[in-house]
Amino acid sequence: MDPVRVGILGLGTVGGGTVSLLRRNAEPLKRRLGRSLEVTRVAVKDPSKPRPVELDGIEVGTDAESICTDPDIDIVIELVGGVDNAEPLVRKALEHGKPVVTANKALLAERGNELFRYAGEQGVDLAFEAAVAGGIPIIKALREGLAGNRIESVHAIANGTANYMLSRMRTEGMEFDEALQEAQDLGYAELDPTFDVDGIDAAHKLALVAAVAFGAPINYQALHIEGIRNVTREDILYADELGYRIKLLAITKHGPGGGIELRVHPALVPQDAMLASVEGVFNAVQVVGDAVGPTLYYGPGAGADPTASAVVGDLVDVARTLGASPEYRVPYLGFRAEGMQEPRWAPVEEVETEYYLRMQAQDQPGVLAQVTRILSEEGISIEAIRQKEPRPGDTDVPVVLVTHTTKERAMRKAVEAIDALDVINGPSQLIRLEEVDAV
């Protein structure tokens, strides 16, 4: 059969890794697909720039749009990144009947519903495995391997930079700024680390995962997002003493009020849970299905080869189904085709969990009585409470407590009242506990 001709938009880390992987594994890929995969055109900003990958036999130019309209290109891989610059190119390729493979999580989280709808109208695929968790094939696992399950919950460590920083803060006693500087020096964090440390990157990924897991349109706007900027070395130490590890988790699950929770934030995870042992830049996704129970997917969440692995996996998948209907292969269309009601996305105020609370209190009698009175008034009971030694030179003492399960709404109200006390130097630190299964 004729080869599948591929055009790539963008030749950065992932683009170069994709070309390299396709060439390195050309023979096994041809055996699996029954046809060869050939990159024939690449669009870059600067064709004269030296590249770490061999490009002989590939037309390298600057006109990305012409690749999207080229009748000799069968599949387009979009790796330019961003939203406003990538969306027109993806639309142009779809308009010309070309399936698109993308690693662009921001684009799909923010405009995916419209793009998936348009892909369906054009009768072509828009594949996005590489947009979530790098080399971990979590989208295929949810869409295919776990298709027979009602998904109960997903807990994911979905950002390697944040996970690396939290790991170093725990193992080396680093403060946030020190861990961030090391991550930047090693190339794990960008000069502007906002997307990583503020939870935005993980939130983009979670929006896509939730859509596939629950058969619903993508709803990035429903996400509650918190990052790790306020997590301190002391919080990590105190959590460890209580039997927990602090992780930045991306969580979606059925909530007690009937809605589906959609949230990214630091969380205390029991030390015997598998997610607690995921260290460094690695990612992990724990999925609980009603039939299979808890399953765990672990691996590198970024980098040239791991992400290229996901890109090429999608490329092979799409090449196998050229001409087939994509109706059930994208989140929005599967939802629309069944005529189902969109699930209710639960606001974070409805979350019910246990909480870790750290306060800076004046070292005088009656402080704990005032704090426990406020918690009692909101119906919150305490599981454990510790008064720690103050830092050298400090007059305040850290007070750490863990609550029993309570509603977020009540906990926020209580913390607001506690921080208003004259004996508390706020704001206090509040971190949720997640009792993920020990797989």
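**Close-up views of a predicted model**

View 1. The side chain of His265 makes a polar contact with the side chain of Arg263, at 2.7 Å. The model is predicted. His265 is part of strand E10, which covers residues 260-270. Is His265 buried or exposed? With a relative accessibility of 0%, His265 counts as buried. Leaving aside residues up to four places away in sequence, His265 touches Glu226, Lys247, Leu248, Leu249, Ile251, Arg432 and Glu434.

**View 2. The crossing of helices H1 and H12.** Helix H1 spans residues 13-24, and helix H12 spans residues 304-320. Their axes come within 8 Å and cross at roughly 65°. The crossing of H1 past H12 is right-handed. H1 contributes Thr13, Val14, Gly17, Thr18, Leu21, Leu22 and Arg24 to the contact. On the H12 side, these meet Ala304, Asp305, Thr307, Ala308, Ser309, Val311, Val312 and Leu315. Sorted by class, the contact of H1 with H12 holds eight nonpolar, five polar and two charged residues. An α-helix has 3.6 residues a turn, so residues three or four places apart point the same way.

**View 3. Helix H2 against H12.** Helix H2 covers residues 26-33. H2 and H12 pack at an angle of about 35°, and their axes are 10 Å apart. H2 also passes H12 in a right-handed crossing. Which residues of H2 meet H12? They are Leu29, Arg32 and Leu33. Their counterparts in H12 are Val312, Val316, Ala319 and Arg320. The contact of H2 with H12 has five nonpolar residues, no polar ones and two charged ones.

**View 4. The six-stranded parallel sheet.** Six strands form an open sheet with parallel pairing. Their order is E3-E2-E1-E4-E5-E6. Which strands lie at the edges? Strand E3 (59-61) and strand E6 (126-127) do, each pairing on one side only. Strand E2, residues 37-43, runs parallel to E3 and is joined to E3 by three bridges. Within this pair, Val42 has Val60 in E3 as its bridge partner. Helix H4, residues 87-95, packs on the sheet. H4 touches strand E1 (4-9), strand E4 (75-78), strand E5 (100-102) and E6. The direction of H4 makes about 155° with that of E5.

**View 5. Strand E7 and its two antiparallel partners.** Strand E7 runs from residue 151 to residue 157. Six of its seven residues are buried, so E7 is largely enclosed by the rest of the structure. One partner of E7 is strand E11 (residues 282-289), joined to E7 by six bridges in antiparallel pairing. Here Ala156 stands opposite Val285 in E11. Ile157 has Ala284 in E11 as its bridge partner. Another partner of E7 is strand E9 (residues 244-254), paired in the antiparallel sense over four bridges. For Val154, the bridge partner in E9 is Thr252.

View 6. How many residues of E11 are buried? Seven of its eight are, and E11 is mostly covered. E11 and E12 form a hairpin, with three residues between the two strands. Eight bridges join these antiparallel strands. In one of the pairs, Gln286 has Leu296 in E12 as its bridge partner. Helix H6 spans residues 138-145. Its buried residues include Ile138, Ile139, Lys140, Ala141 and Leu142. The buried residues of H6 pack against E7, helix H10 (200-214), E11, strand E12 (293-300) and H12.

**View 7. Thr406 in strand E18.** Thr406 lies in strand E18, residues 406-407. What does its accessibility make of Thr406? At 9% relative accessibility, Thr406 counts as buried, because the cut-off is under 20%. Thr406 and Ser381 are 25 residues apart in sequence, and their C-alpha atoms are 8.2 Å apart in space. Not counting residues up to four places away in sequence, Thr406 touches Val351, Glu352, Thr353, Tyr355, Ile380 and Met411.

Technical notes. Residues numbered from 1 in each chain as written. Predicted model: local features only at pLDDT ≥ 70, side-chain atom pairs only at ≥ 80, totals over all residues. Heavy atoms only, no water. Axes fitted to C-alpha atoms, helices over the stretch in contact; angles between N-to-C directions. Left-handed = near helix turned anticlockwise from the far one by under 90°. Contact = heavy atoms within 4.5 Å. Nonpolar A, V, L, I, M, F, W, Y, C, P; charged D, E, K, R; others polar. Pairing = 2+ DSSP bridges. Buried < 20%, exposed > 50% of the residue type's maximum accessible area, 1.4 Å probe, protein only. Polar contact = N/O pair within 3.5 Å; in protein donor to acceptor, adjacent residues only side chain to side chain.
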